[in-house]
Amino acid sequence: MNGLVVALGVPALTAALLGLARTMVTDRVAARAGVAASVLSGLFVLGAWLVHDGGGYASEIDVVWVRAIGVHLHLGMDGISFPLLLMTTLLSALVCWALVDDPPAGDNATPALVALVMVVLSAAIGVFASLDLLLFFVFFELALIPMWFVIARWGDPRDPVGRRVAATRFLLYTVIGSAFMLVGFVTVWALTGTLQIPELAARSGVLDGGWALFAASMIAVGLAVKTPIWPFHLWLPDAHAKAPTVGSVLLAAVFLKLGTYGLLRVLVSVLPGPARELAPWLGVLGVIGIVVAALACLRQSDLKRLIAYSSVGHMGFVVLGIATLTDIGVAAAVFASVAHGVVTGLLFFNAGSLKRRFGSAEMAVLGRGLYARMPALAVVLAFAAFASLGLPGLAGFWGEMMALRSAYEAAVDSGAGLVPVLAGVLLVAALVGVLLTSAYFLRMIRRTLQGVPTPHDADLDLAGSERGIAAVLIVAVLLLGLAPGLVMGVVEPSIPAILGSGR
């Protein structure tokens, strides 16, 4: 039995069963089924990795799917995809756990919502495990429609029109990005006659010239929308602000990682020559995103929009690491992606708890003095903020520092992706972004957690599943911050296969 196939199939089967039996399943049973399916998928992913002998891909399966155009059902995982797969199953389990105590309004709403979460989980596992370009594309698109329904159907109850607009903007942006990406994939197939990622990576030296650069540019634009890289991020703030907590966590912790993973697995691995030519553009746009997003955060009055813009900045550090095309840059990109998923998931869970109590995520509505009014929630929110701004010892520190180190190395000794002068400029600008990140999180803490407590009837502290979810994510943040080798030891052996001749 192939563990990776089972991990992909369990949530898909759960989604189908919940869809068929939604009128016969209670909210709690549906939510617990989602938790069980997510945990089971994670255990199969972990088991498949542990029994792996260390060579090639773990749980690799390669079956011809469409012989006429050479499409294979080709799945496998390595040290780049394994941490992302585990993170995805963890966040999916926590999202479903949150629904146990906080079911959405409406008849049979929880079974339907959990079924959509399971489809997103199955699609995300498929993306991280795909070793065929068309299969990668199919799974990528499979995650879009469920997210539209999650935002449009269960988004902000006070603004039904706004949530549909936000969901539709999200769908339009990502579908257009997908069209660019598909053009790039077809061009690669026309140039090489194959869609198999390992085979293309092995033959990457022949993918050069004008058409290869065209293919890489199309793929880069498509993935830039999904990451998102500035200025392709315009769909993100409204989608987060209008989405339910489930949608915000899935968007930030899982969906954005599909784009950054694609940059590594497809752009850098398959098209290393064109990737070198595009790397300066990626680096510049990534760092602009760091600074612009931080400045936007300083102007935000809504907590969820602040966290959404912060995600653009954090993804900028991931893109900067990728743009250097160095070992430490790739390691930074993977580690920062995992850390961002865990930390931002914790931030959005807390923002969702506050919005549920106060009916709004506006800081003026939340009031001041949350330390005194709801100490557990306030402490967890402060902890997540410190982790997100990169406090040493917490998860957010290592990815950002390694991304900055990769830019420094390129600045003092010409890197594969960035010339020294440009790398130096990007390093300084990114450091400014670090300072601004500290400023906007400290501003948020000052405006909501500190000060004279504002009287309010909704001062209820963390309870039930909220406490459990916070505990799990706090442990994950501490583990990643205090023992980064847990991830780096897995990632480092797979870096040469990603960079290959792109060094």
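User: What marks Gly70 in the hairpin of strand 1 and strand 2?

Analyst: Gly70 takes a positive phi near 70 degrees. The hairpin has four residues between its strands. The strands are DSSP runs (E, at least two residues; helices are runs of H or I, at least four residues), numbered from the N terminus. This is a predicted model, in which local features need pLDDT of at least 70 and side-chain atom pairs count only at pLDDT 80 or more, while totals for chains, interfaces and linings use all residues. Residues are numbered from 1 along each chain as its sequence is written, and side-chain values use heavy atoms, with hydrogens and water left out.

User: How do you know that strand 1 and strand 2 are paired?

Analyst: Pairing requires that DSSP find at least two bridges between two strands. Six bridges join strand 1 (residues 58–66) to strand 2, and the two run antiparallel. Asp62, for instance, has His74 in strand 2 as its bridge partner.

User: Why is strand 2 described as largely enclosed by the rest of the structure?

Analyst: Six of the seven residues of strand 2 (residues 71–77) are buried, so the description applies. Buried means under 20% relative accessible area (exposed is over 50%, partly exposed in between; 1.4 Å probe, protein chains only).

User: How many aromatic pairs are there, and what makes Phe136 and Phe185 one of the edge-to-face kind?

Analyst: The count comes to 11 aromatic pairs. For Phe136 and Phe185, the ring centres are 6.1 Å apart and the planes stand at 75 degrees, so the pair is edge-to-face. The rule takes rings of Phe, Tyr and Trp (its six-membered ring) with centres within 6.5 Å; planes under 30 degrees apart are stacked, over 60 edge-to-face, and the rest tilted. Phe136 lies in helix 5 (residues 133–142) and Phe185 in helix 7 (residues 160–192), 49 residues apart. Phe136, at 0% relative accessible area, is buried, as is Phe185 at 3%. Together with Phe140, these two residues form one aromatic cluster.

User: What makes Phe170 and Phe255 an edge-to-face pair?

Analyst: Their ring centres are 5.5 Å apart and their planes meet at 65 degrees, so the pair is edge-to-face. Phe170 in helix 7 and Phe255 in helix 11 (residues 245–270) are 85 residues apart, and both are buried.

User: Why is the contact of Glu141 and Lys226 called a salt bridge?

Analyst: A salt bridge needs a side-chain nitrogen of Lys or Arg within 4 Å of a carboxyl oxygen of Asp or Glu. The N to O distance for Glu141 and Lys226 is 3.8 Å, so the contact qualifies. Glu141 lies in helix 5 and Lys226 in helix 9 (residues 210–226), so the pair ties together parts 85 residues apart in sequence. Glu141 is buried at 18% relative accessible area, and Lys226 is buried at 0%. The structure holds eight salt bridges.

User: How do you know that Arg169 and Asp238 tie together separate parts of the chain?

Analyst: Their closest N and O atoms are 2.8 Å apart, in a salt bridge. Arg169 lies in helix 7 and Asp238 in helix 10 (residues 236–242), so the linked parts are 69 residues apart in sequence. Arg169, at 26% relative accessibility, is partly exposed, and Asp238 is partly exposed at 24%.
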